[in-house]
Amino acid sequence: MEAHATAGGHQEHEHPRAAVYAKVGLILFVLTALEVGLYEITYGEHTGASASAIQPFFVPLLLLLSAAKFALVAMFYMHLKQDSKLFTGIFVFPLTIAVVIIVGLMVLMAYHMWFARAG
Amino acid sequence: MTAVAHDVPHGLEHATATGLDSRKLAIWTFIGSECMFFATLISNYLVNKGRSLVGPYPHEAWTSPSGEHFKPILEIPLVTLGTALLLFSSLFVVLALSGAQRGNRRALVGWLGATIFCGIFFVGMQVYEFTHFVHEGLTLKTNLFGASFFTLTGFHGTHVTIGVIWLLTLWILGLKGKIPPSKSLNLEMAALYWHFVDVVWIVIFPVVYLIK
């Protein structure tokens, strides 16, 4: 690990070595390939019999892969794993609000649509 | 007016209440606010998903009342390439930062150049995609998909463009040898912004392009 002295003269964090960055990069690439592969298997031009079996799990799997990629970039490339927990807090708090906004609005609109249809 | 005596020379270390660099704290706070900004755009896209009354549609073919046929408009292979390059650019920028912190100018300039190349490719890909969509009959005013798609990806593309310009200025400074290890925080802040732009795309890519 590389020590990195900051403006305050503190050892704020230690950044991982290039090999760790490369490994994370490889994992990100594989996860992206899995996302697209999953799409091709489920909705592509050459879908097989497995497509209908995968379909109910398609969105949760895709969101899981996306969340894993997001976490890897935030932890290793944005150095939240090594940096001060204050930075993590500053990032995660609004991120939580962001997720709540997205989920909340979707639930609200789904309810509105259902209510409108029900009469 | 009273003159304020500065014991700490400009650009050198200074003490802070948190023990953390204020500039880094500021960029994290900005990134936090950006999370909520993109949350509104993503939720706008999701709420309006599948509610367009007329085509072209993202994943389904459509024939207009006048008999004009429209194919599904999204081009997954091209965007996958752009996504992969944006992910690689995140790797390249941390390698550039690592070079800057070690005082390795060659690594700094080389990896930063690669990052900028990937960023320019991504922006070019979006420009091509937008132009293609307009030629296919999808504009901001065509339907709800067009409005929410162009708003979301357009704002993201603008962020990428700003990131490219920021990194380009740092690349020029790096070429001139003006980013010594003591000033690597300047690059670290730009890198944090760049990674954020990348993580936003990590969410946008499956939500817009893969989920039907």
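Predicted model: local features only at pLDDT ≥ 70, side-chain atom pairs only at ≥ 80, totals over all residues.

**The chain contact and a helix pair**

A: The contact between the two chains draws on 44 residues from chain B and 44 residues from chain A.

On the side of chain B that touches chain A, three helices each supply at least two residues: H1 (22-48), H2 (76-102) and H5 (184-210). The most comes from H1(B), which gives 13 residues. By class, this side of chain B has 25 nonpolar residues, 15 polar ones and four charged ones.

Two of these helices, H2(B) and H5(B), also pack against each other. Their axes lie 10 Å apart and form an angle of about 160°. Angles over 145 degrees count as roughly antiparallel, and H2(B) and H5(B) are therefore roughly antiparallel to each other. Their crossing is left-handed.

From H2(B), the residues that make this contact are Ile76(B), Val79(B), Thr83(B), Leu86(B), Leu87(B), Ser90(B), Val93(B), Val94(B), Ala96(B), Leu97(B), Ala100(B) and Gln101(B). H5(B) brings Ser184(B), Leu187(B), Glu188(B), Ala191(B), Trp194(B), His195(B), Asp198(B), Trp201(B), Phe205(B) and Tyr209(B) to the contact. Taken together, the residues of the H2(B)-H5(B) contact comprise 15 nonpolar, five polar and two charged.

Tyr209(B) sits in helix H5 of chain B. With 20 other C-beta atoms within 10 Å, Tyr209(B) is buried, because the cut-off for a buried residue is 20 or more. Beyond its neighbours within four places in sequence, Tyr209(B) is in contact with Leu74(B), Ile76(B) and Val79(B). Leu108(B) is 101 residues from Tyr209(B) in sequence, and their C-alpha atoms are 34 Å apart in space.

Across the chain contact lies chain A, which gives 44 residues to it. Chain A has 119 residues, of which 28% are buried. Its elements are three helices and two strands, in the order β-β-α-α-α from the N terminus on. Among the contacts in chain A with a separation of 6 or more, 44% join residues 24 or more positions apart.

Definitions and conventions:
Residues numbered from 1 in each chain as written. Chains lettered and ligands numbered in written order. Contact = placed C-beta atoms within 7 Å. Helix = DSSP H or I, 4+ residues; strand = E, 2+ residues; numbered from the N terminus. Nonpolar A, V, L, I, M, F, W, Y, C, P; charged D, E, K, R; others polar. Axes fitted to C-alpha atoms, helices over the stretch in contact; angles between N-to-C directions. Parallel < 35°, antiparallel > 145°, perpendicular 65-115°, else oblique. Left-handed = near helix turned anticlockwise from the far one by under 90°. Buried ≥ 20, exposed ≤ 12 C-beta atoms within 10 Å, placed from the backbone.
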